[in-house]
2 protein chains.
Amino acid sequence: MARSNAQRGSARNPIEEAQERFTSAWGQMAGAWGISRTMAEVHALLYVTGEALCTDDVMEHLQISRGNASMSLRALQDWGLITRVHKRGDRKEYFEAESDVWTMFRTIARERKKRELDPLLASLYEIRDLTRDTKSDETAARINGRLDTMLDFVETIEAVSRSFLSPDGNGLEDAVVRLTQTED
Amino acid sequence: MARSNAQRGSARNPIEEAQERFTSAWGQMAGAWGISRTMAEVHALLYVTGEALCTDDVMEHLQISRGNASMSLRALQDWGLITRVHKRGDRKEYFEAESDVWTMFRTIARERKKRELDPLLASLYEIRDLTRDTKSDETAARINGRLDTMLDFVETIEAVSRSFLSPDGNGLEDAVVRLTQTED
DNA sequence: CAGTGTTTTCAACGAAGATTGAAATCTCTG
DNA sequence: CAGAGATTTCAATCTTCGTTGAAAACACTG
């Protein structure tokens, strides 16, 4: 009882502290890809640990409720960032994180594209069609011009994303490596 | 009284409706770059309108309070997405949005890098240093391996971002164009 | 198929963040 | 430099989102 409280905050040994700090740092990034802090922390924990953990492990490490752990694990599965693992002779379910960081990144990017970019693009098409046959005074022309410019831009972004993400390939990593090399 | 309520939701003419729908669609993207929905809507309004607006214009179009409008405009200035404009013979301040979409994108990306990526990288360095001289049993080795892999990855992302964003140049647009063309 | 261990669901609650509005501050103008 | 107009600030309030915990559903095992 005394022991399990004493180690709150800064963990016993360097490895545990590193694990805890990583989990927390990764949690800060939650906003960066539109998931809750807890969900990011669960993911970080599974990633850094590198082995399959069960709901109780997650609850204990992160000090969260069973319901919260269950929902976060479910959401991470929906994103495709973790997978279920069965251990025979054990009735509990275990989960482990995708270990390849590029795959992880691609998964997140693909999901965000689906949830944010694609709907935006769809909206922009609809909006353009609203004003397709409007006689343009000066103001209308300016506004339409801006909308068209934005649509072009978002289309370009979408095209780039698609070429990286949609095939099964790992074009992303290649491209990034190419880009970081000689910028001639 | 009847009139100003009647046009809530769908605006009178196609142009106004397009403007309103764009503002709303752009507002949905707020989460995507870590600002509040209102702030994104103010930005969208200024962008699509294409001319300088004052606080009262913003308040009226978006149906928000003076305080909220003031704070959102301030925040957008801090981000560098809008600039103040003085109209002579008028005591009010006016604001207009950056009109070049690539510049806009670069501004947002640069700010996010500063606020999210750089701190993450700093944390990861600290975390690595924690475990630098730990004798590694099997578990510790695995965890350290994962942390190193993640650090490499984030360093790479940082390097790519930096090469696009930090110079004054428009390397980003060029790179994107290059990437969308023949993928050989 | 009863019993036990495990996971999921969800209404109530709590925390974090956004918004308001009015007072305080600032800034022109005559 | 008084006063009107414009902007900013911030405590109180509202809203939204995340979390809890216990009940229900589920899934094994003997």
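Around DNA strand D there are 19 residues, of which Ser65(A), Gly67(A), Asn68(A), Gly67(B) and Glu93(B) come nearest, where a residue is near a molecule or strand if its C-beta atom, placed from the backbone, lies within 6 Å of it. This is a predicted model, in which local features need pLDDT of at least 70 and side-chain atom pairs count only at pLDDT 80 or more, while totals for chains, interfaces and linings use all residues. Residues are numbered from 1 along each chain as its sequence is written, and chains are lettered from A and ligands numbered from 1 in the order in which they are written.

**Surface near DNA strand D**
- Helix H3 (37-49) and helix H5 (66-79) of chain A, together with helix H5 (66-79) of chain B, each supply at least two residues, helices being DSSP runs (H or I, at least four residues) numbered from the N terminus.
- H5(B) provides the largest share, 5 residues.

**Surface near DNA strand C**
- Of the 19 residues that surround DNA strand C, the closest are Gly67(A), Glu93(A), Ser65(B), Gly67(B) and Asn68(B).
- Two or more residues come from each of H5 of chain A and H3 and H5 of chain B, and H5(A) gives the most, with 5 residues.

**Helix packing in chain B**
- The axes of H2 (residues 14-28) and H3 (residues 37-49) of chain B come within 8 Å and cross at roughly 140 degrees, with axes fitted to C-alpha atoms over the stretch in contact and angles running from 0 to 180 degrees between N-to-C directions.
- That makes H2(B) oblique to H3(B), since angles under 35 degrees count as roughly parallel, over 145 as roughly antiparallel, 65 to 115 as roughly perpendicular and the rest as oblique.
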